[in-house]
Amino acid sequence: MTTAEEYYRYYTRHGLPGWFSRLGGLRQAIIRCDGPEVLEILRTRCTLDPKDPHGCWVWTGAKRSGYGFIGRGPTNRLAHRVAWDFTEELGTLSVHHTCGTRLCINPQHLAAVTHLENVAEMLGRRSYLRRIHELEEALRQFDPNHPLLTRRPKPLPPEEN
Ligand SMILES: [Zn+2]
């Protein structure tokens, strides 16, 4: 079921005459399925980096578990999920942050993955970080001034797709 349908059902069930005009602009745009308008309103609720047009849209609204949230009650949604829903068809897939910033809702930083891929990637990243930490501790015991312990890692070259 799409977000818009759920919003529509919720408000027609609970609303009195004139319910639509009393909704905020964001909910109206969602029910109208007006993707560009939804994204424009979402962007106004984010901190943007003026120097980087392709940077993160960091959500400044409600948060839960480190993620942005929209709305209260039965129609609340993950903000990045709404951003994605109005950019691409998602179905039952999960949305993954390619930038690693949970509060980011920039659709260009989101990718659809199966839930399994998402969990596998997260666990993989965590187990690698733990492994790196253990190796650093072992190296520190062996040579506390080893340059690898102070040098910052170089960014990886871009992946080829
Ligand atoms: Zn981002």
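Two strands count as paired if DSSP finds at least two bridges between them. Helices (H or I, at least four residues) and strands (E, at least two) are DSSP runs, numbered from the N terminus. What you're looking at is a predicted model, where local features need pLDDT of at least 70, side-chain atom pairs count only at pLDDT 80 or more, and totals for chains, interfaces and linings use all residues. Residues are numbered from 1 along each chain as its sequence is written.

**The strands**
- Strand S3 (residues 63-64) and S4 run antiparallel, joined by 2 bridges, and Lys63 stands opposite Gly68 in S4.
- The hairpin of S3 and S4 has 2 residues between the strands, and Ser65 takes a positive phi near 50° there.
- S4 also pairs with strand S5 (residues 77-78), again antiparallel and over 2 bridges; here Phe69 stands opposite Leu78.
- In a regular strand, side chains alternate between the two faces of the sheet.
- (Buried means 20 or more other C-beta atoms within 10 Å of the residue's own, with C-beta atoms placed from the backbone.)

**The core**
- A nonpolar core is a set of buried Ala, Val, Leu, Ile, Met, Phe, Trp, Tyr and Cys residues joined through C-beta atoms within 7 Å.
- The largest one has 18 residues, and Val38, Leu42, Ala79, Val82, Ala83 and Ile105 touch the most other members.
- Helix H5 (79-85) is among the elements supplying at least two residues, and H5 gives the most, with 4.

Terms used: A residue is buried if 20 or more other C-beta atoms lie within 10 Å of its own, exposed if 12 or fewer, and partly exposed in between; C-beta atoms are placed from the backbone.
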